[in-house]
Amino acid sequence: MNAPDALLRPFEQLSFDDLFVRSHAADPGSHNVPRQVPGAAYSRVIPTPVAAPRLLAWSDVLGESLGIARPAPGGGVVADVLGGARVLPGMQPYAARYGGHQFGQWAGQLGDGRAITLGEIIDRAGQRQELQLKGAGRTPYSRHADGRAVLRSSLREFLCSEAMHHLGVPTTRALSLVATGEGVVRDMFYNGNPQVEPGAVVCRVAPCFVRFGNFEIFAAENEAANLQTLADWVIRHHYPHLGEPGPKAYAAWFDEVCGRTALMVAHWMRVGFVHGVMNTDNMSILGLTIDYGPYGWLEGFDLDWTPNTTDAEERRYSYGQQPQIAYWNLTRLAGALSDLVGDDDALRAGLERYRIDFGTHWSQMLADKLGIAAQAGDDPLIVELFGLLQQTETDMTIFFRRLADVPSDADATAEQRLAPLRDAFYAPGAPSGEHGRVLADWLARHAQRVRDEAEPPAQRIARMQRSNPKYVLRNWIAQQAIDAAAQDDMAPTERLLELLKRPYDEQPEHADLFARRPEWARFKPGCSALSCSS
Ligand code: AMP
Ligand code: MG
């Protein structure tokens, strides 16, 4: 529903706050060069101005919830601010210091190397929200990199943040996409082919951007006072229902972080999202999906699939690994909090909660996807389905969405059961032969189960459709929007932004986007393979 215009203000008239900056230890240094920043939670840093900021895309849904009117085309002053060329009164821009485990190894200080928070505003629901620019130039945490981001990765972050929100997956949001008018040099596949690409800045929005890694750096550097200040601040402002910070609240807080992370990862699994770089610096303390980089969406269902070429060997962050990796990341957080909490049994209980919660959420979501009742323990029907889906390339989104169309009556033939699913298979003529027989047999048993459980059909189908999106941001679809944007055509981006507001609705006018990956996209960079170069 559109907010009445009277409730929306021009961006320039917002009042900005700086609670994070006021609450934590600042870097005493002010020179903006890459360096270690011991003792600090953040460094003050002004975005580096860009040549010609121009507003390319805007999220009306988020803008309205923040109480911000849509800027005029091109953006004017708003493009200046959200492109990093101008700082408004009340903003105290900063880059946060954090560390992290990258691909299983402690990496020391990382920090916001290209993200700069401008300030905080209070949204229409009364919730504080940080506005953070990604790609806004160098900070003390940039290490050897340039602090910039390219259009392709920024557009991917912009669209996916909003798509995930509408899918019901906890996530940071994206308000705007601004072209910088400057080129950025990237060697997309680290293979000696650097190219100049158009630069862009995304404005991301979240109640806070604190990561597991913010705690890890303080623990690793024995900065106990900073660690406690940050924990107390997160509890007071973001987990206020846990009461005054102290031993009890710390344990309850870790427990809740575990619970939120379990829910987030279960949703990823449900919609076929693969984050791609689940390093601990990319894990939000609020349980939000954060840092959209070389992420991807399953097309063929494959537990072993990862879009990230940097991880092609080890496949540490592949689709099926995500639940375990989140657990491992939580053990790193537990390690960092151990001295503060002073009760390792409580931390172990939190980790156990993760396992239990993930299991509960995932079985319920799978049961919803299949239109059956969740069972305690492994459900043989689901275990067999996973085997079948892996056997031949089967489009995850189409298969699950169409499952609701499979007849559940006892006298349906094998062909009648298979017919609604045929679009999900990549091999011509599939499913056929032995695979077709086994799948038809599985569908017959699924139908039997549906009849036995006797849930009213309309209710069952609605439950399935709410759990099985029709439209997700398929990699090749995002790539088409990127290719058009590079030619200054934002129409495909606008179309996706609209479409993905209602991913569970039929929207037959967009049926061309409910389609298997076309063959041209199978090996095209950006469609099947992505790197961290962004
Ligand atoms: P990521 O893998 O994208 O989460 O990034 C890991 C670390 O590298 C973070 O500290 C980022 O801020 C930093 N980083 C990534 N890309 C850049 C860049 N172009 N310039 C500066 N820092 C970067
Ligand atoms: Mg990151």
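The questions and answers below go through local features of a predicted model.

Trainee: Is glutamine 132 buried or exposed?
Mentor: Glutamine 132 lies in strand β7, residues 128–134; helices (H or I, at least four residues) and strands (E, at least two) are DSSP runs, numbered from the N terminus. Buried means under 20% relative accessible area, exposed over 50% and partly exposed in between, with a 1.4 Å probe and protein chains only. The relative accessible area of glutamine 132 is 1%, so the residue is buried.

Trainee: With which side chain does the side chain of glutamine 132 make a polar contact?
Mentor: A polar contact is a pair of N or O atoms within 3.5 Å; within protein, one must be able to donate a hydrogen and the other to accept it, and residues adjacent in sequence count only if both atoms are side-chain atoms. Contacts (heavy atoms within 4.5 Å) of glutamine 132, leaving aside neighbours within four places in sequence, include Ile116, Thr117 and Leu118. The polar contact, at 3.2 Å, is with the side chain of threonine 117.

Trainee: In which sense do β6 and β7 pair?
Mentor: Two strands pair if DSSP finds at least two bridges between them. β6 and β7 form a hairpin with five residues between them, and glycine 126 in the turn has a positive phi of about 90°. Isoleucine 121 has glutamine 129 in β7 as its bridge partner. Over seven bridges, the sense of the pairing is antiparallel.

Trainee: How are α4 and α16 oriented to each other?
Mentor: The axes of α4 (residues 151–167) and α16 (residues 491–499) come within 9 Å and cross at roughly 20°; axes are lines fitted to C-alpha atoms, for helices over the stretch in contact, and angles run from 0 to 180 degrees between N-to-C directions. Leu155, Phe158, Leu159 and Glu162 in α4 meet Thr493, Leu496 and Leu497 in α16. Angles under 35 degrees count as roughly parallel, over 145 as roughly antiparallel, 65 to 115 as roughly perpendicular and the rest as oblique. α4 and α16 are therefore roughly parallel.

Trainee: Which peptide bond is cis?
Mentor: Proline 431 sits in the loop between α12 (414–418) and α13 (433–453). Omega is near -5° for the cis bond from alanine 430 to proline 431.

Trainee: Is glutamine 507 buried or exposed?
Mentor: Glutamine 507 is found in the segment after α16. Phi of glutamine 507 is positive, about 40°, although the residue is not a glycine. With a relative accessible area of 5%, glutamine 507 is buried.

Key:
Residues numbered from 1 in each chain as written. Chains lettered and ligands numbered in written order. Predicted model: local features only at pLDDT ≥ 70, side-chain atom pairs only at ≥ 80, totals over all residues. Heavy atoms only, no water.
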